[in-house]
Amino acid sequence: MDSEKYEAIVVGAGTAGTLASLALAERGVKVLLIDSKTKDIIGKKVCGDALGTHHISNVGIPFPPKETYKGKFDSVRVYSPSKKYSVKVEGEGLALNRHAFGQWLLKLALDKGVELLDNTRAEILKFENSRAKELKVVEQKNGSTYYVSGRYFIDASGFYGILRRQVPETLGLEKEIALEDLSITYREIRRVKKSEDLGVAKIFLDEEIAPGGYWWYFPQDDTTVNVGVGVQGGKNVNPKKNFYKIIEENEELKSSEILEQGGGIVPTRRSIYTFVSGNVLFAGDAACTANPIHGGGIGPSMLSGKLCGEAVADALEDQEREEEKLWQVNKRYVNAYGAKAAGLDIFRIFLQSLTNDEIEFGMSKGLVTDEDITDIGYGKADFTVREKALIIIRGITRPTMLKHLAETAKYMKIVKQEYLKYPDYDKFTSWVEKIENIFQEYKQKFIEKS
Ligand SMILES: Cc1cc2nc3c(=O)[nH]c(=O)nc-3n(C[C@H](O)[C@H](O)[C@H](O)COP(=O)(O)OP(=O)(O)OC[C@H]3O[C@@H](n4cnc5c(N)ncnc54)[C@H](O)[C@@H]3O)c2cc1C
């Protein structure tokens, strides 16, 4: 057992991988961090670049230095399709300089002793008796290949999940992510004459431009904005084409200069049911940790990376109880974020079932208030109690929609409660069945019929 060169190998030096390797190195673990990018471009990523500051304190890293962000947000405003109605959520966020932020995270890890193998692609994971042993890597500068061996492996390779796809089939571990659970995105960073409403991150719901998703306008500083479109996978919509419809309609954006452009994919569903398979763990987009409603994935990817790193360090310290120590990552993540996200996944499915007309109607009648949105964010919205009162007070002419909203809140609560009873390993498959049944039941009752 002691012949492995590294105690832990982390694939991917994004926000998940840097936090995982940092957590490992802080516990004195010999860790190798691999990324296909060269060291100087690690951290560059097509993203909306918005990060709620609470995510930073949650993972216990210092507040990032000024050069890692361009500006701050104090709220997010969500608009109806006509833009006539909106709801606002207060909360501090950063408009990151994504590259600089990624470089800063990388430095935190390297300063703690993490060894970096950059410009190197991870390819094939070799197993012996169902245990991952070696990873075949390719040096990108010359195409040469070799193997690195490790006792534990963490897949932080982003949405594709290069290692997740190679672990042995396990009931309850999703290797492929359904197209409808992905958000297909296109975004540009542009220089404008003057950014609109600095400090407010704007989200626009519009099923014509962004079916099953939204488009955003995030001002970064006086003259820089991050604008993008995310559409639900499987809708056969090209987000770039729709992005240019937005540009065409906005004089300020039309005359602006493109600074960066690109497309990307982010999973927007509840996280995968387990972050562990044998001695391989999954973090960040590879484990579908982004928020199911808005796709904010930087915060939860850092958290899941840190928790995976800590679980591996715990297992190394107590090899006799390895399985139990690794499994802890699931319980810790569910308690910290996963249970809330699973509830939000129900709300995401509800939102994706609505037409523009229904969204407009709901927002015009104030069915969802600023407070509700904040509550939904915390995974604790409850429309049931207000259902009848709202019908009377607001003169709702479509009680079915309100009923649907109330039922959605009920299912969000049920799912969250089940997640908070996350099982030990031996009860895992029956728990997965239960969760799947709840989602199926919700979809059959309200989505597939509508
Ligand atoms: C357009 C868009 C907008 C978004 N906006 C926001 C936002 O405003 N706020 C927010 O919080 N989140 C946002 N997200 C989501 C967020 O960017 C991700 O959830 C987050 O970056 C996930 O981090 P990660 O470390 O898991 O993966 P990644 O950041 O994708 O990092 C994966 C790393 O693994 C490396 N890698 C991949 N495969 C291999 C391989 N085979 N071998 C070696 N290395 C490999 C990559 O080079 C990369 O460095 C957005 C996503 C997109 C696409």
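**Exercise 1. Find which residues Ile 42 is in contact with, leaving aside neighbours within four places in sequence.**

Step 1. Set the cut-off: contact means heavy atoms within 4.5 Å.

Step 2. List the partners. Ile 42 is in contact with Ala 13, Asp 35, Lys 37, His 99, Gly 102, Gln 103, Leu 106 and Leu 116.

Step 3. Note the source. This is a predicted model, in which local features need pLDDT of at least 70, side-chain atom pairs count only at pLDDT 80 or more, and totals for chains, interfaces and linings use all residues. Residues are numbered from 1 along each chain as its sequence is written, and side-chain values use heavy atoms, with hydrogens and water left out.

Step 4. Ile 42 lies in the loop between strand E2 (31–34) and strand E3 (50–52). Helices (H or I, at least four residues) and strands (E, at least two) are DSSP runs, numbered from the N terminus.

Step 5. Classify it. Buried means under 20% relative accessible area, exposed over 50%, and partly exposed in between (1.4 Å probe, protein chains only). Ile 42 has 0% relative accessibility, so it counts as buried.

Step 6. Ile 42 and Arg 270 are 228 residues apart in sequence. Their C-alpha atoms are 27 Å apart in space.

**Exercise 2. Trace the pairing of strand E10 (residues 182–191).**

Step 1. Pair E10 with strand E14 (residues 257–267). The sense is antiparallel, over 10 bridges. Arg 190 has Ile 258 as its bridge partner in E14.

Step 2. Pair E10 with strand E13 (residues 224–232). These run antiparallel and are joined by 9 bridges. Arg 191 stands opposite Thr 224 in E13.

Step 3. In E10, 8 of the 10 residues are buried, so the strand is largely enclosed by the rest of the structure.

Step 4. Recall a general point. In a regular strand the side chains alternate between the two faces of the sheet.

**Exercise 3. Describe the hairpin formed by E7 and E8.**

Step 1. Count bridges. Strand E7 (residues 120–128) and strand E8 (residues 131–139) run antiparallel, joined by 8 bridges.

Step 2. Pick a pair. Lys 126 stands opposite Glu 134 in E8.

Step 3. Look at the turn. There are 2 residues between the strands. Asn 129 in the turn has a positive phi of about 50°.

**Exercise 4. Work out how strand E1 (residues 6–11) is set in the structure.**

Step 1. Pair E1 with E9. The strands run parallel, with 5 bridges. Ala 8 has Tyr 152 as its bridge partner in E9.

Step 2. Pair E1 with E2. These also run parallel, with 4 bridges. Val 10 is partnered by Leu 33 in E2.

Step 3. In E1, 5 of the 6 residues are buried, so the strand is largely enclosed by the rest of the structure.

Step 4. Turn to Thr 145 in strand E9 (residues 145–155). Thr 145 is partly exposed, with a relative accessible area of 45%. It touches Lys 136, Val 137 and Val 138, not counting residues up to four places away in sequence.

**Exercise 5. Compare the radius of gyration of the protein chain with the globule rule.**

Step 1. State the rule. The radius is taken over C-alpha atoms, and the rule is 2.2 Å times the number of residues to the power 0.38.

Step 2. Apply it. With 450 residues, a compact globule would have a radius near 22 Å. The protein chain has 22 Å, which agrees.

Step 3. The chain has 12 helices and 16 strands. Buried residues make up 56% of the 450.

Key:
Two strands pair if DSSP finds at least two bridges between them.
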